[in-house]
Amino acid sequence: MMNSKQQKLEAFSRLIDIMDELRTKCPWDMKQTNESLRHLTIEETYELADAVLLNDKTEIKKELGDVLLHIVFYARIASETNDFDIADVMNSLCDKLINRHPHIYGNVKVENAEQVKENWEQIKLKEGNKSVLSGVSKGIPSIVKAVRMQEKAAQVGFDWPTKNDVWAKVDEELSELKTELNKDENAIECENEFGDFLFSLINLARKYNINPDDALEKTNLKFLNRFQYIEKKASESNKKLTDMTLGEMDVYWNEAKRSES
């Protein structure tokens, strides 16, 4: 049974009160700054992302709490210098959401989610953003950054018209990569072509509504589980991995693969 609106407000008020108390009484909380919290915030965000990927609802709830704590913490620090407080943060967010959803809070008509995204980018430009890509963080992982840049460029019409066009680009970039790798001379050019090839693959994934970062992370998890299965079986047989042949390891790899299905 879900909490009522009043219960949600009371829970949030309780969190604010606890944060205020910790900031004035706990030695660790008292010494924190925006800079000292930054790396912890990044870590908590990744832990939330892991929980989402695993679809672990209990962990998602816990990690959401940790992220929310950081938001409240930053706002509390800002309030101490009279820059802003948590109410300012929320009101600013509400104003932005209302402004960027004119199809809900205005007279604009939209037919689908794509038109909503296109309107969102146009409104951001009107708000003073100098570039469509200015909202893409420099600090996010490269694959996520590539996806976001491609999405934003596509929303203003800079995109391949069809999936076949993207396939052609992938083939072109793969051919260029093979050419450079076969030369085996210029490491910089090989790296450049490999980057171009990855970028085209990410574009292809986007066209098929595949999140490449999620896809790669799921493959990472599969590799981790299968390789650890090999290690487990090797230990049970009193063998070292370095003493096993690739064929022996492959047998255990396939066993782990079958167990997944």
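Start with the largest pocket, which holds about 860 Å³ of space. This is a predicted model.

**Stop 1: the largest pocket.** Select Val144, Val147, Arg148, Asn211 and Asp213. Of the 32 lining residues, these are the closest to the pocket's centre. Now colour helix H3 (34-54), helix H7 (113-126), helix H8 (142-154), H10 and helix H11 (212-236): each gives two or more residues to the lining. Which classes of residue make up this lining? It divides into 13 nonpolar, seven polar and 12 charged residues.

**Stop 2: the second largest pocket.** Its volume is about 260 Å³. Select Gln150, Phe158, Trp160, Phe199 and Asn203, the closest to the centre among 14 lining residues. H8, H9 and H10 each supply at least two residues of the lining. Which helix gives the most? H10 does, with five residues. By class, this lining has six nonpolar, three polar and five charged residues.

**Stop 3: the helix pair.** Select H9 (residues 163-183) and H10 (residues 187-207). Two packed helices are described by an angle and a distance between their axes. Here the angle is about 160°, and the axes are 9 Å apart. Angles over 145 degrees count as roughly antiparallel, so H9 is roughly antiparallel to H10. The crossing of H9 past H10 is left-handed.

**Stop 4: the contact.** Show side chains on both helices. On the H9 side, residues in the contact include Val166, Trp167, Val170 and Leu174. On the H10 side, they include Phe194, Phe197, Leu201 and Asn203. The contact of H9 with H10 has 11 nonpolar, two polar and nine charged residues. Asn203 was also selected at the second largest pocket.

Terms used. Residues numbered from 1 in each chain as written. Predicted model: local features only at pLDDT ≥ 70, side-chain atom pairs only at ≥ 80, totals over all residues. Heavy atoms only, no water. Axes fitted to C-alpha atoms, helices over the stretch in contact; angles between N-to-C directions. Helix = DSSP H or I, 4+ residues; strand = E, 2+ residues; numbered from the N terminus. Parallel < 35°, antiparallel > 145°, perpendicular 65-115°, else oblique. Left-handed = near helix turned anticlockwise from the far one by under 90°. Contact = heavy atoms within 4.5 Å. Nonpolar A, V, L, I, M, F, W, Y, C, P; charged D, E, K, R; others polar. 1 Å grid on protein atoms, 1.4 Å probe; cavity = no way out; pocket = protein on both sides within 12 Å on 5 of 7 lines; lining within 4 Å. Points joined across faces, edges and corners; volume = space filled by probe spheres on them.
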